[in-house]
Amino acid sequence: MSALSVFAPAKINLALHVTGQREDGYHLLDSLVAFSPVGDRLTLRPAEEFSMTVSGPEAQGVPTDHSNLVLKGAAFFAEHTGMTGGVAFQLEKNLPAASGIGGGSSDAAAAIRGLLQMGFGDAPAVQARVLGMIGGALTRLGADIPMCLSPVAQRVRGVGEDLTPIQLPPLPCLLVNPRVEVATPAVFKALRQKDNSPLPAPPTFATLQECIDWLAQQRNDLQAPAIATAPVIATVLETLATLPGCRLARMSGSGATCFALFATPAEARAAETALRAARPEWWCAEGTLGDQRAASAPRPAFNVV
């Protein structure tokens, strides 16, 4: 195998309830997560040591040293599996940084999935060992990384270690970021109430509209403190709500990326076209959540080249 290409999809918090805070400062969450066909792409090539280069429309400012989560994830993998040798990672960065859609965490998870796929050690045993660490060191490396290891719709609880796959209908979606980076610690610091009610048990949704109606009754508890930190988020949400066909507009994660849900992919595409014309300075991308075919490059999650 000369190279392996792994897709790293954007993670969308359809709902995010903050239910408490541990003595060590970690916040307890109860969140419903889905993944987008929009994302980054990581190419792995065998090498003597770990290294990294970055390209793509969102590459500016992305570190290539060991502060990057890709190299941290690779180091974690090597430490806990006994892997020897290295990999040269090439990251095609399409998602904006610090945007609440798990870009760096998804990249790190893609690195781990890619190392597994490249056959470093006995893959089933290695995978069990790595996944068995998600309640400890891997979660501390990044709370979003465990959920991104298996990028399917999930209910995520605790500090990111309690994962339950769920069934959601395909959700046509428009993602929008106003080009403002929001620091997650600042948002949590601005959160006044940290012992909010958890999500009710998600039902089985017979239709897309049933799912959207249920989501509309849930919350993102970080949305208000994020708006206090970056008021432009409120402008994004107001703009999304006025787009024809928008059924629900909400912020993802700790912001500043927001999403709008639609009844059909055609409505989401029309909304993206209209928004690009009205607000060309904003980053936006449409795609159906749950559809893992990359919007810009329809390739499988694992692609040997």
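This is a predicted model: local features need pLDDT of at least 70, side-chain atom pairs count only at pLDDT 80 or more; totals for chains, interfaces and linings use all residues.
Strand 3 (51-55) and strand 4 (residues 86-92) run parallel and are joined by five bridges. Helices (H or I, at least four residues) and strands (E, at least two) are taken as DSSP runs and numbered from the N terminus, and two strands count as paired if DSSP finds at least two bridges between them. In general, the strands of a sheet pair through backbone hydrogen bonds, either parallel or antiparallel. Within this pair, Val-54 stands opposite Leu-91 in strand 4. Together with helix 1 (residues 69-81), strand 3 and strand 4 make a left-handed β-α-β unit; a crossover is termed right-handed if, with the strands pointing away from the viewer, the path from the first strand over the helix to the second runs clockwise.

Residues are numbered from 1 along each chain as its sequence is written, and side-chain values use heavy atoms, with hydrogens and water left out.

Two aromatic pairs are present in the structure. Rings of Phe, Tyr and Trp (its six-membered ring) are said to pair if their centres lie within 6.5 Å; planes under 30 degrees apart count as stacked, those over 60 as edge-to-face and the rest as tilted. The ring centres of Phe-50 and Phe-89 lie 6.0 Å apart and the ring planes are at 25°, so this pair is stacked. The pair links distant parts of the chain, 39 residues apart: Phe-50 lies in the loop between strand 2 and strand 3, and Phe-89 in strand 4. Phe-50 counts as buried at 17% relative accessibility, and Phe-89 counts as buried at 2%. Here buried means under 20% relative accessible area, exposed means over 50%, and partly exposed lies in between (1.4 Å probe, protein chains only).

Strand 5 (residues 154-158) is largely enclosed by the rest of the structure, because four of its five residues are buried. Strand 2 (residues 27-47) runs antiparallel to strand 5 and is joined to it by five bridges, with Asp-30 opposite Arg-157. Strand 5 also pairs in the antiparallel sense with strand 6 (residues 162-165), over four bridges; here Gln-154 has Pro-165 of strand 6 as its bridge partner. Three residues lie between the strands of this hairpin, where Gly-160 takes a positive phi near 110°.

A further four strands form an open, antiparallel sheet in the order 8-9-7-10. Its edge strands, strand 8 (248-251) and strand 10 (283-289), each pair on one side only. Neighbouring strands of this sheet are turned by 20° against each other on average, direction ignored. Axes are lines fitted to C-alpha atoms, for helices over the stretch in contact, and angles run from 0 to 180 degrees between N-to-C directions. Strand 7 (residues 171-177) and strand 9 (residues 258-261) are connected by four bridges, and Leu-174 stands opposite Ala-260 in strand 9.

Helix 7 (residues 208-216) packs on this sheet, touching strand 7, strand 8 and strand 9, and its direction makes about 45° with that of strand 8. Contact means heavy atoms within 4.5 Å. The buried residues of helix 7 are Leu-208, Cys-211, Ile-212, Trp-214 and Leu-215. Seen down the helix axis, these buried residues fall within an arc of 160°, so they line one face of helix 7; the arc is that of the directions from the helix axis to the C-beta atoms. The elements covering them include strand 1 (4-21), strand 2, strand 7, strand 8 and strand 9.

Glu-272 lies in helix 10 (residues 265-278) and is buried, with a relative accessible area of 14%. Apart from its neighbours within four places in sequence, Glu-272 is in contact with Leu-174, Cys-284, Ala-285 and Glu-286.

Several backbone features occur in loops. Most residues other than glycine have a negative phi, and most peptide bonds are trans. A cis peptide bond, with omega about 10°, joins Gly-255 and Ala-256; Ala-256 lies in the loop between strand 8 and strand 9. Ala-98 has a positive phi of about 50° although it is not a glycine, and is placed in the loop between strand 4 and helix 2 (103-117). Arg-179, likewise not a glycine, has a positive phi of about 65° and is found in the loop between strand 7 and helix 6 (184-190). Ala-98 is partly exposed at a relative accessible area of 39%, and Arg-179 is partly exposed at 44%.
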